[in-house]
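Visitor: I am new to this structure and would like to learn how to read its features one at a time. Could you take me through them?

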Protein chains: 2
Amino acid sequence: MQSDKDESFMKIALQQAELAFDEGEIPVGAIIVADGKVIAKGYNQTEKLNDPTAHAEMIAITAAGHYLGSRHLQDCTLYVTLEPCAMCAGAIYWGQVGRIVYGASDEKRGFKSYSEKLAHPRAKFTTGVLEGECKELLMKFFKQLRQKRKK
Amino acid sequence: MQSDKDESFMKIALQQAELAFDEGEIPVGAIIVADGKVIAKGYNQTEKLNDPTAHAEMIAITAAGHYLGSRHLQDCTLYVTLEPCAMCAGAIYWGQVGRIVYGASDEKRGFKSYSEKLAHPRAKFTTGVLEGECKELLMKFFKQLRQKRKK
């Protein structure tokens, strides 16, 4: 079943998010799947790389283009633990990523809060896959951050 | 005068755009200036790198963060020959780039066609600097492309 497969792939994206967590980065992870195979992975590394563009999705999209030898990712599915921001939605648009599956919504900085038109008109979206786990990891991160700041 | 300085820096961004042109890429160039000094350059390389994220601004922002050892670019000015797209506007937002100067407008894919909110509320914009030259290079590129496709 599609939903079982989506959960399995989202678990891999969550593992990427956990790597970000372990490195003190906002825990967002992404993978890209083509022909049922993971072809690219990425996790948020903006702090480590001093690079505001180093979101999980951006790293995964760059890696997928490199792997496929094409900047067009129509036949790919991007799994990401958090709703993409406007920057990442823009990259998804230019890469023409065929399908996007995300876990938690981001009401503050998610692309939908700007304009749903940011997504490619042919892109298909599935939302809320393992939403609880994706959200929980983010909440754990921000809770720890607040505690550290209090000290 | 600020406008003379802006034109001088935009000329350097245009040289970057010409490098893109020479490599058969859509000719957009960008530089980032801090303390009156060019600290980063970039030109569109999406075809060469098979990377939909490799816009001029993205490459320059990544390079500037690396140079400064910080992902925050509040004290920087980004010069770019074309109005940033939504992806690049998102990167400008996350990088908190203090000032953005661009040449030609992009009515089709420029960030303003989606939402002016994509820009950081504190970012200052100057538009239309060397607009003619920036536009002319783009038009020359698309004219050549159409001629090649006809053959």
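**Reading the sheet and its surroundings**

Guide: Strand 4 of chain B and strand 5 of chain B pair in the parallel sense, over four bridges. Please keep in mind throughout that this is a predicted model. As a general idea, strands of a sheet pair through backbone hydrogen bonds, either parallel or antiparallel.

Visitor: In what order do the five strands of chain B form their open sheet?

Guide: The order in chain B is 2-1-3-4-5, and the pairing is mixed. Strand 2 and strand 5 (124–127) of chain B stand at the edges, and because each has a single partner strand, one side of each is left without a neighbour in the sheet. From one strand to the next the twist averages 15°.

Visitor: Which residue in strand 5 of chain B is the bridge partner of B:R99?

Guide: The bridge partner of B:R99 in that strand is B:K124. Helix 2 of chain B packs on the sheet, where it touches strand 1, strand 2 and strand 3 (76–82) of chain B, and the direction of this helix makes about 140° with that of strand 2 of chain B.

Visitor: How should I read a salt bridge, and which side chain does B:R99 meet in one?

Guide: In general, side chains of opposite charge can pair when their charged atoms come close. Here the side chain of B:R99 meets that of B:D6 in a salt bridge, at 2.6 Å from N to O. Because B:R99 lies in strand 4 (residues 99–104) of chain B and B:D6 in helix 1 of chain B, the pair ties together parts that are 93 residues apart in sequence.

Visitor: Are B:R99 and B:D6 buried or exposed?

Guide: A residue counts as buried when its relative accessible area is under 20%. B:R99 counts as buried because its relative accessibility is 17%, and B:D6 is buried with a relative accessible area of 3%.

Visitor: What does A:D6 form a salt bridge with in chain A?

Guide: A:D6 forms a salt bridge with A:R99, and the closest N and O atoms are 2.6 Å apart. This pair links distant parts of the chain, with A:D6 in helix 1 (residues 2–22) of chain A and A:R99 in strand 4 (residues 99–104) of chain A, 93 residues apart. Both A:D6 and A:R99 are buried. Over all chains, the count comes to eight salt bridges.

Visitor: Where do the partners lie in the salt bridge that B:E23 forms with B:K48?

Guide: The closest N and O atoms of B:E23 and B:K48 are 3.5 Å apart. B:E23 lies in the loop between helix 1 and strand 1 (29–34) of chain B, and B:K48 in the loop between strand 2 (37–43) and helix 2 (56–68) of chain B, so the pair ties together parts that are 25 residues apart in sequence. B:E23 is partly exposed, with a relative accessible area of 36%, whereas B:K48 counts as exposed at 52% relative accessibility.

Visitor: How many of the nine residues of helix 3 of chain A are buried?

Guide: Eight of the nine residues of helix 3 (residues 86–94) of chain A are buried, so this helix is largely enclosed by the rest of the structure. Among them are A:M87, A:C88, A:I92 and A:Y93. What covers the buried residues includes helix 2 (56–68), strand 3 (76–82) and strand 4 of chain A, together with helix 2 and helix 3 (86–94) of chain B. Helix 3 of chain A is followed by A:Q96, whose phi is positive, near 50°.

Visitor: Finally, how many aromatic pairs are found over all chains?

Guide: A search of the whole structure finds ten aromatic pairs over all chains. The rings of B:F21 and B:F141 have their centres 6.3 Å apart and their planes at 70°, so this pair is edge-to-face. B:F21 lies in helix 1 of chain B and B:F141 in helix 4 (residues 131–150) of chain B, so the pair ties together parts that are 120 residues apart in sequence. Both B:F21 and B:F141 are buried. The charged end of B:K140 sits over the ring of B:F21, 4.7 Å from its centre. In chain A, ring pairs link A:F21, A:F141 and A:F142 into a cluster, and the charged end of A:K140 sits over the ring of A:F21, 4.7 Å from its centre.

Technical notes:
Residues numbered from 1 in each chain as written. Chains lettered and ligands numbered in written order. Predicted model: local features only at pLDDT ≥ 70, side-chain atom pairs only at ≥ 80, totals over all residues. Heavy atoms only, no water. Salt bridge = Lys/Arg side-chain N within 4 Å of Asp/Glu carboxyl O. Helix = DSSP H or I, 4+ residues; strand = E, 2+ residues; numbered from the N terminus. Buried < 20%, exposed > 50% of the residue type's maximum accessible area, 1.4 Å probe, protein only. Contact = heavy atoms within 4.5 Å. Pairing = 2+ DSSP bridges. Axes fitted to C-alpha atoms, helices over the stretch in contact; angles between N-to-C directions. Phe/Tyr/Trp six-rings, centres within 6.5 Å; stacked < 30°, edge-to-face > 60°. Lys NZ or Arg CZ within 6 Å of the ring centre and 35° of its normal.
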